[in-house]
Amino acid sequence: MGVTKLAYQASQEEHSIEITNVQALEGLVKARMEKGAFGYIAGGAEDEWTLRENGVAFDHKHIAPRVLKNIEKPDLSTTFMGIDLKIPMIAAPIAAQGLAHEQGEIDTAKGVAAVGSIMSLSTYSNKTISETCDGGTGGPQFFQLYMSKDEKFNRFLLDQAKKVGMKAIILTADSTLGGNREADSINHFTFPIPMANLAEYGEGEGQGIAAIYANAKQTLSLEDIKTISDYTDLPVFVKGIQSPLDIDDIIEAGAKGVWVSNHGGRQLDGGPASFDVLESIAKKVNKRVPIVFDSGIRRGSHIFKALASGADVVAIGRPMVYGLHLGGAQGVQSVFEHLSKELTIDMQLAGTKTVDDIKKTELI
Ligand code: FMN
């Protein structure tokens, strides 16, 4: 008799969540989520050195509080790529959000829209581009492209991104193959649900991350930036930047934004903490294009320090997915609201009224 395969049980929770600090959500999720799925989300590459460094690097710089600045109710709003945001945080593109919640990326997009921010949708999502955009959020969205070896497939994705009104394309450049993530090997992790956009191309269901990346274009080059921007007429962000040495090349090649990230320590272990390279990259960018920063943001003070070090906005990764698991769209909203609350306190205590004031602050 054959063994019946049990369907993957994702969360269906839909409610706001109580948060003391967003890092603590990881333990709550670990206790409830299927082991392989949790390992895939929480894990990093090899010894997870870079993953750990992402957290501690924020302690290398300090905010010197300024006093008597006549501040009440700091203003978290900002404008980014011509889009008005209520907070200086956006969603990081995260694959396979159906692992966290039945509504996956649809709920994330709703939560992010509710806080007045931008959703970033991964190529490897469990809901399609049109499902996520038609989820009724009306909020602005960016599409993250993992380029395939198959040019037709790239055009298929970009056509849809354009059709639904995505505001930018994020070209992820640090992941032509997956980092060596040991939790996935130990758990023999394979994706239990299809990757919606890949339906015609093998689906992803039952495959491990290595099999999925096997279809990714290995020979990414500067020319891809121009190909994508010419094809879509949309601004292209290059995501996964960790060295100032890449900056002139990508801007000259047509990048309209720099996304400083080490993929949450999931790719090259032994690389620096993302925060430790931000300032030198921002100096090299010299305001020619906007900068998004991610990898390790868990506190309002981390957001403050990233903005003071040259980021225009930060992107929230794992904590957002934990919020999705624990409370669906409202859980995502709770995570952004909690980080906003912490940032508001930090701004007031540091003597900064606006996001621009933070950007002018010199850390010590
Ligand atoms: N980055 C991408 O560009 N595309 C992806 O599909 C993608 N999937 C991810 C899946 C998971 C489970 C995680 C944790 C990260 C993923 N990332 C992806 C990286 C995030 O966009 C972001 O860089 C990272 O989560 C930041 O680190 P943090 O979550 O520790 O703050």
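This is a predicted model: local features need pLDDT of at least 70, side-chain atom pairs count only at pLDDT 80 or more; totals for chains, interfaces and linings use all residues.
## Annotated sites

UniProt, in an unreviewed entry, places the feature "binding site" at Tyr-40, Tyr-146, Arg-181, His-263 and Arg-266. His-263 also carries the feature "active site" in UniProt, again from an unreviewed entry.

Where does His-263 lie? You will find His-263 in the loop between β8 (257–260) and α11 (274–285). Is His-263 buried or exposed? A residue is called buried when 20 or more other C-beta atoms lie within 10 Å of its own. His-263 has 26 C-beta neighbours inside 10 Å, so His-263 counts as buried. Leaving out residues up to four places away in sequence, His-263 touches Asp-174, Ser-175 and Gly-240.

## Around Tyr-146

Tyr-146, one of the residues in the "binding site" feature from UniProt, sits in the loop between β5 (141–145) and α6 (151–163). Tyr-146 counts as buried because it has 24 C-beta neighbours inside 10 Å.

Which residues is Tyr-146 in contact with, leaving aside its neighbours within four places in sequence? They are Thr-123, Tyr-124, Thr-172, Ser-175 and Ala-216.

## Gly-39 in helix α2

Gly-39 belongs to helix α2 (residues 35–42). With 19 C-beta neighbours inside 10 Å, Gly-39 counts as partly exposed. Setting aside residues up to four places away in sequence, Gly-39 touches Ala-183, Asp-184, Asn-187 and Phe-189.

For a sense of distance across the model, pick out Gly-39 and Tyr-231. These two are 192 residues apart in sequence, and their C-alpha atoms are 37 Å apart in space.

## The bent helix α13

Helix α13 (residues 318–350) is well worth a look. A straight helix of 33 residues would span 48 Å at 1.5 Å a residue, but α13 spans only 27 Å between its end C-alpha atoms. Where is the kink in α13 centred? The kink, of about 140°, is centred on Gly-327.

How many of the residues of α13 are buried? The count is 27 of the 33, so α13 is largely enclosed by the rest of the structure. Just after α13 comes Gly-351, which takes a positive phi of about 80°.

## The nonpolar core

The largest nonpolar core has 107 residues, and Leu-171, Val-238, Val-258 and Ile-316 touch the most other members. Which element gives the most to this core? It is α13, with 13 residues.

Not counting residues up to four places away in sequence, Ile-316 touches Met-89, Ala-91, Ala-92, Ile-297, Val-335, Phe-336 and Leu-339.

## Two loops with positive phi

Lys-73, in the loop between α3 (49–56) and β1 (78–80), has a phi near 55°, a positive value in a residue other than glycine. Lys-73 is exposed, with 9 other C-beta atoms within 10 Å; the exposed class takes residues with 12 or fewer.

His-188 lies in the loop between α7 (182–186) and α8 (209–213). Its phi is near 45°, again a positive value in a residue other than glycine. His-188 counts as exposed, with 8 C-beta neighbours inside 10 Å.

## The whole chain

Stepping back, the protein chain has 14 helices and ten strands. Its radius of gyration is 19 Å, close to the 21 Å that the globule rule gives for 364 residues, so the chain is as compact as a globular protein of that length. Along its principal axes, the C-alpha trace spans about 75 × 45 × 40 Å.

What percentage of the 364 residues count as buried? The figure is 53%. Among contacts between residues at least 6 apart in sequence, 74% join residues at least 24 apart.

Definitions and conventions. Residues are numbered from 1 along each chain as its sequence is written. Helices (H or I, at least four residues) and strands (E, at least two) are DSSP runs, numbered from the N terminus. The expected span of a helix is 1.5 Å times one less than its number of residues. The bend at a residue is the angle between axes fitted to the seven residues ending there and the seven starting there. UniProt positions are given in the numbering used here, feature names are shortened, and annotations may be inferred rather than shown by experiment. Two residues are in contact if their C-beta atoms, placed from the backbone, lie within 7 Å. The radius of gyration is taken over C-alpha atoms; the globule rule is 2.2 Å times the number of residues to the power 0.38. A nonpolar core is a set of buried Ala, Val, Leu, Ile, Met, Phe, Trp, Tyr and Cys residues joined through C-beta atoms within 7 Å.
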